[in-house]
Number of protein chains: 2
Amino acid sequence: MATDTVAPAAQGYVQPEVDVPALTALLDGKYAEVRNLVRSNLAEYASILDDAEQLSTDEFRERVKDVVVEMAATGQTGMGFPQEYGGGGDIGASIAAFETLAYGDLSVLVKVGVQFGLFGGAILQLGTKEHHDAYLADLVTGKLMGCFAMTETGHGSNVQALGTVATYDVAAQEFVITTTTEDARKDYIGNAAKHAQVAAVFAQLEVGGKSEGVHAFVVPIRENGKPCPGVRIEDDGLKMGLNGVDNGRIWFDQVRVPRTALLNRFADVTPAGVYESAIENPNRRFFTMLGTLVQGRVCVGGAGINASKVALAIATKYAVRRRQFEATSDEHEELLLDYGMHQRRLFPLIARTYALHFAQEVVASQLHDVFSGITDDDIARRELESRAAGTKALGTWHATRTIQECREACGGAGYLAVNRFAALKADTDVFTTFEGDNHVLLQLVAKGLLTDYASEFEDMDQLGMVRFVTNLAVETVIEKTSAHKLLERVKDLLPGGDQWDQDAGLLDPDYQLAMLRFREEHMLAGVARRLKRGIDQKMNPGEVFSRVQDHVIGAANAHVERLVLEAFVSKTRSLPAGDQKVALNLLCDLFALSTIEADRAWFMEHGRLTVQRSKAISREIGSLCRKVRPIAVDLVDAWGVPVEMLRSPDLI
Amino acid sequence: MATDTVAPAAQGYVQPEVDVPALTALLDGKYAEVRNLVRSNLAEYASILDDAEQLSTDEFRERVKDVVVEMAATGQTGMGFPQEYGGGGDIGASIAAFETLAYGDLSVLVKVGVQFGLFGGAILQLGTKEHHDAYLADLVTGKLMGCFAMTETGHGSNVQALGTVATYDVAAQEFVITTTTEDARKDYIGNAAKHAQVAAVFAQLEVGGKSEGVHAFVVPIRENGKPCPGVRIEDDGLKMGLNGVDNGRIWFDQVRVPRTALLNRFADVTPAGVYESAIENPNRRFFTMLGTLVQGRVCVGGAGINASKVALAIATKYAVRRRQFEATSDEHEELLLDYGMHQRRLFPLIARTYALHFAQEVVASQLHDVFSGITDDDIARRELESRAAGTKALGTWHATRTIQECREACGGAGYLAVNRFAALKADTDVFTTFEGDNHVLLQLVAKGLLTDYASEFEDMDQLGMVRFVTNLAVETVIEKTSAHKLLERVKDLLPGGDQWDQDAGLLDPDYQLAMLRFREEHMLAGVARRLKRGIDQKMNPGEVFSRVQDHVIGAANAHVERLVLEAFVSKTRSLPAGDQKVALNLLCDLFALSTIEADRAWFMEHGRLTVQRSKAISREIGSLCRKVRPIAVDLVDAWGVPVEMLRSPDLI
């Protein structure tokens, strides 16, 4: 724990004032207009928050569907589709719209994600013009509702092992879709239980007795509200949250669809039954198809970050209203936010939310560039996929943690459903495991780093990756990774030499970045060495991987945190001198130092942090919290959460 | 991160087999019979888990009430009341019954807690024979339903500042109960919205124009289902969870009750209007009254621990069924529980659950002894209050964290309401802030430590405590605390001298205990010094406290964790040699080392852990996890959660 020797005030530091609208403008960035459209839609449909509590599940599902369709009419949900089909033709705008929608009821958000992101995205990205012409215009308006039937009861993360089969019947020129085992039923499929008329179904394609791997097909599943012949649908029933979304299970019993039902952008089957694809390697083909769906992860990450903003805005405003215990005088009780512990609980979370916001801005912009063809090459795609996976994992874990802390910081009142935390907590809970389980996603990040995004690695499954890495000479692995030449590069990392970091200013962003870079590269090299050593000891590769797994995930986390800090530092550096820059620098320092503090044991273990300096960091965090205190409410106000969405009559 | 050099196997270590029924018997302890009664009641009423999802809120509340009354008829809920009123006359048994009930639906649990623990407890502990005769027999059967009206909208943790007033009208020999401001309405009161006929109301007693502080009164609030004259009741509405409990708000408008409505065990008002109490100091009187209600905290702590067991049992069983990704061979996918990361996520939580179980056994036994008059003196009461507060805080935070981790470890299936996590998560969420907010409770623990439970401190409010501590010479404070003579005592803490801990075996419980003791005493002394230094620098005492607050709470946490480890070590030491002892030693080591690992930065900062040793601890934890793996299912089975309560058709 820190002592209280007060550090001398940074030279020339003047407590900043925050111009809230100007900070909102900075945060909203180039898509301010789109975000404001969504804000006004959220305000207009604010009653949905009451509906979530008051309607029956069936009624609420219908209400959510209606709101989604009505919002679609404002153009808000179709931003990412080509203009010729009624869309906005701007992928970046579609992400901004989706993120902002996360300030509101999250069943609406997820229903939008299913219909326009997953189902619409599959048609757009995996289909060709024929499919676009057939479906896009109607799905953009919500006239045609669809679902995304990938996950099965027995297979979530391991999509390559799906059990559903699509066999080509050359005589009929049709595919026959079949649920082969009970484990192969499609499960947790949003929009399936009630509203979807068609499904994008992922199945093992079999042509002429040969399995060609997982492909997607457009399959009608419901007509006039009834399942189509051969299709059985069951309701997944009540969930922890998101009960405005009708999740369900689907079984296919020899369901026939025409040959053109195959979404054939990356592979096709000729009428005569010849399988054709421009991508020869089946693994590569699979990951290429899957990669086009990266938008969903970018969206969920952004949604988690914005849901955190709602919780922090409520908790911060409550803490400047609620008093508890006489602490500084006998005359009045103390405001919660004047307690050091309360600041320690909330302010690092506010800082991390800002950091993740700017990191999300980077990944959304990369997504836009790749999918708009501005920078679309293999490396850019892989980096995008990795960054999307990492930001999604950190953003959604942050949401779970932040919403929980904020609920506790609001005491018993936070437990009443009227005060939003119940819905926020229950609805966001699944974010950490859907659209990619966070642990699996971080392994994906690590795989990219270990293989430096080399194509032969990217195409490997997990076991293949382990075998490959562990069978190389360790020097080769380390050379291949960004962790190569670790020792030589310490000088680059630490611009003043190996001892520089012992004396650098704690508030110097170069110091903070050097620390996170060192951690990432050291961890990564360590993973490679441990994999190699295990194999040298003749252990089973899977067993080796199992033992190193927490290290693998730690390395990926270190990588993503470094990217997040870089995004924040780069943003603050770009600002002109002034109060806004000072305020954001406070938050950036708080994020950087609390990130180092949380892992200070590692830094000490690896010789990059002395005991004295570690304690100094804890002290500095306390000091930063006290500087943030006067502007805390402005900082949460700047997020521009519509006041109707804060809906906490007992709290603010 | 650890490297993989395998430590030499501990001399003579043989992988144990677990005799599940024998381990259950050990865990159940002397109250096995009571626990089994509750287990069979839970199984009999298992349909309540379905009711929680399928009934309307109104219907579910009635169902929960009925189940509570029917369970009362089995004797299960009245164990703690005197036999002459139909109770079981065994306080320890009542805790055991309540803890076991936490395996089931938690609305039933909380309704039982409100009726028999809080309301019944207030009548029993604060009232005298007249009140016992009037109410106990009927409340034990559930014929008379009551509520515990302490918390107000404006005051939760700070009970001394309640706004409700009870004025003695000497002419009528009645008290007049009044809600003075909107903030003073009673709020979140369980049983208030629908079922309670009477309330134990906490109010500022005014006699002859003088305020005598907070006292409790029995006030009828509802007759024939309608609020009594002058009483207004409002439903708190939907909550995050526990919707089988009817929480509500109560306003009193000049409600008159007879003089005998004062629960007068510790203070009384004569007919003529003279206030009398055997306890002269008003603060002391207040804390004495409050102290009698400590049973609620012991109960909630135990409930949190047992709810964790349900989650861990489900997640562990799922992880030996669910396979994901080919990792060790191409032929089958790997079981989740064979992944190192999965073991790291679940096993330290299993170990901590065992540790908390044995710590809870100690505090429950202390409660029994104090309240049965076996060891009832001031010091024993204060130690009990402190230990109850600490165990409640750690037990309930453990529940929140464990249930979340287990849900994520079960993926999308864990999100479906049918699989229990939804209810477990939503229902337990409030445990961290009700029956005492956890942060406030840990401050209470720290206060006791800093003041060595001296009576003058115990009676102080927070500001008084700060002023007192900070106005003493720091040497005096340190002398008074258990942290005195820190340096001299290092030798006692470290039996082999100051360097001993650098060489001691990591699996030596004396080493593990010495580490946690050192941390506790060092932190505590640090808090005292920082308080003193702040005052010496002429800072406002409240401001000093605010800055030191996270250190205060850290010290309390260190204290409680030390107690928990002591309980676990003491239990394992008491066992005869054999497999059971070996198995529990594995868990005890895993708990101790993962506790040290989580705070290893602190130990390094304070010179008690070298870098090498810190890494060795992480390695040892990995090794312990691999030894726990083969017996993991047995370890969770031994908790004896009725199979009906695991209700997770998609998972196990």
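**The contact between the chains**

Guide: In this predicted model, 76 residues of chain B are in contact with 76 residues of chain A. On the side of chain B that touches chain A, the elements giving two or more residues are α10 (340-371), α11 (378-409), α12 (421-428), α15 (462-471), α19 (509-536), α20 (541-573), α22 (600-605) and α23 (611-628) of chain B. Of these, α20(B) gives the most, with 10 residues. As for the classes of residue, this side of chain B divides into 25 nonpolar, 27 polar and 24 charged residues.

A contact within one chain may be described in the manner of the contact between chains. The domain assignment of chain A gives domain 1 (20-141), domain 2 (147-291) and domain 3 (297-436). Taken over C-alpha atoms, the centres of domain 1 of chain A and domain 2 of chain A are separated by 25 Å. Where these two domains meet, 23 residues of domain 1 of chain A are in contact with 20 residues of domain 2 of chain A. On the side of domain 1 of chain A that touches domain 2 of chain A, at least two residues each are supplied by α4 (57-73), α6 (106-126) and α7 (129-141) of chain A. The largest share of that side comes from α6(A), with 12 residues. By class, the side of domain 1 of chain A that touches domain 2 of chain A has 12 nonpolar, 6 polar and 5 charged residues.

Conventions
Residues numbered from 1 in each chain as written. Chains lettered and ligands numbered in written order. Predicted model: local features only at pLDDT ≥ 70, side-chain atom pairs only at ≥ 80, totals over all residues. Contact = placed C-beta atoms within 7 Å. Helix = DSSP H or I, 4+ residues; strand = E, 2+ residues; numbered from the N terminus. Nonpolar A, V, L, I, M, F, W, Y, C, P; charged D, E, K, R; others polar. Domains from an automatic or database assignment.
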